[in-house]
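Hello,

Here is the structure I said I would pass on. My notes on it follow below.

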Amino acid sequence: MKIIKQLLVASLLLTNTQLLAADIPNFIIILTDDQGYADVGFNGSKDIRTPNIDRIANEGTKFTNGYVTYAVCGPSRAGLLTGRYQGRFGFDRNPHMDPTDVTSGMPLDEKMISEVLNPVGYTSSIIGKWHMGSHPKLHPNNRGFDHFYGFLAGGHRYFPEDLIYKDIAEGLNQENPKKAWTSWYLTKLLENDKRIETTEYLTDELSNAAVEFIKREKDNPFFLYLSYNAPHTPLQASQEYLDRNQHIPAGKRRTYAAMITAVDDGVGRVLATLDELGLDENTLVFFLSDNGGPEKKNASDNGELRGGKGEYFEGGIHVPFAMRWPGRVPAGLEYSKPISSLDIMATFADLTNAPIAKDKPLDGVNLIPYVTGENKGQPHDVLFWRNFDKGIIATRRGNDKAILFQKNKHGQEHLYDLDNDLSETTNLYKENKVQFEKQQQEMKAWNNKLADQPAFKGLLMAKKSHEQKVKAYNEQKKKQNKKNKK
Ligand code: CA
């Protein structure tokens, strides 16, 4: 019966998007930023309490082998939002902030979830962190999002009194280049193309906007991309949230926990709003973090996983991941076969019959048949990762994780049996060269499908030229001071 209804909905979508709006599923992605694998209750956190985030896992499916496609923010989000390995289109770095550079961000010929769902009648909103480019052509409103409430850059300060610049250009173009760097953390928020004055702690602002969007669009099929920048640095939490974490000794970990408490409250409000409006059973919600926790930087905890943000050991790419769709997705299920953030787009596209361009194939699969048990196979025979600048390629085939460090930082070849050694302590390469060779062949074939070069210079390269500017500025100041003394 459900399948028939689904087909009916899909066929109606093609003819009239209004008719059965109430039956067409809404989609919500709740993304956190730099949250550690072990920092949710559903993955066993002892000190960080996430009762609302846990509802997504407990009332839905928890993925114990959920991956993102890259170990830092920008490229990971590019994979999530297109459902394609971002290396295919050269999104191999964090984009640099430059509103005059249209190449720095999501290429215009790639389609994001919002752009795919738009033609089948969805209203889309991104609330929070964008990070897909700051050129006007790359602005969310020009990329299929009907609504945008947040900021364009890869991070932000959390207290409203810190937000002083009217836009990224104002921060970047100020006289002192020292202050220009990361000035984008200090821009006022945007609602669509309007600068707005805010009064609340940033995470609360974003949660408020999410609740308002759902209420406003309750009668239309909607896609909400709730892209929290918490708990990314700077570690800043309001007193209310700190007070609720007094069981954790004062310090970085308490502040980090307090930032997650704010997110968890927001998730609770989103779920309560769905419930109040009777949208619960008609809304598919995903929760995940965009990459592993940088444990030293933000006091996150990746648990038994090795490494963290920026690395291709599990700690960098294996993230807290859950989905909830009451009545459609089994409750309380633990799904352990490897899945990817790439699957989110594929799931949405499949459920709505949204057209996908043949020359831009998706790399994910619809997860629903896998979690319902209809399909007992593996969603992915193999998953891949590439860090172009570091020369790292990794694959997971079944339980075999292979990493090739082409620049030899950790030794050239690594092979781990994740079933018995999730912490990647024992490199089995020497005993299993044949297996490694097989995975290496796959890596090479996959890598050949990707762009030869990154599509833009990226944040780290921009930082180098910025440092030169600072040096020149300082020298000029010194000269001036000497002159003044004379
Ligand atoms: Ca991140």
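Two strands are taken to pair if DSSP finds at least two bridges between them. By that criterion, strand β4 (residues 123–129) pairs with strand β8 (residues 222–227) in the parallel sense, over six bridges. Please keep in mind that this is a predicted model.

On the β8 side, S125 has L224 as its bridge partner. β4 is also joined to strand β5 (residues 147–151), again in parallel, by five bridges. There, I126 is partnered with F148 of β5.

How many residues of strand β4 are buried? Seven of the seven are, so the strand is largely enclosed by the rest of the structure. The cut-off for buried is under 20% relative accessible area.

Q440 lies in helix α14 (residues 433–448). Its relative accessibility is 12%, so Q440 counts as buried. The C-alpha atom of Q440 is 7.8 Å from that of L404, and the two residues are 36 apart along the chain.

K485 is in helix α15 (residues 458–485). Is K485 buried or exposed? With a relative accessible area of 77%, K485 is exposed, because exposed means over 50%. K485 also belongs to a positive surface patch, together with K478, K482 and K486.

In short, β4 is a buried strand with parallel partners in β8 and β5, while K485 is exposed and contributes to a positive patch.

Regards

Terms used. Residues numbered from 1 in each chain as written. Predicted model: local features only at pLDDT ≥ 70, side-chain atom pairs only at ≥ 80, totals over all residues. Heavy atoms only, no water. Patch = residues over 30% accessible without salt bridge, like charges linked within 9 Å, V, L, I, M, F, W, Y side chains within 5 Å. Areas by Shrake-Rupley, 256 points an atom, 1.4 Å probe, with all protein chains shown as cover. Salt bridge = Lys/Arg side-chain N within 4 Å of Asp/Glu carboxyl O. Lys, Arg positive; Asp, Glu negative; His and termini not counted. Charge placed at Lys NZ, Arg CZ, Asp CG, Glu CD. Helix = DSSP H or I, 4+ residues; strand = E, 2+ residues; numbered from the N terminus. Buried < 20%, exposed > 50% of the residue type's maximum accessible area, 1.4 Å probe, protein only.
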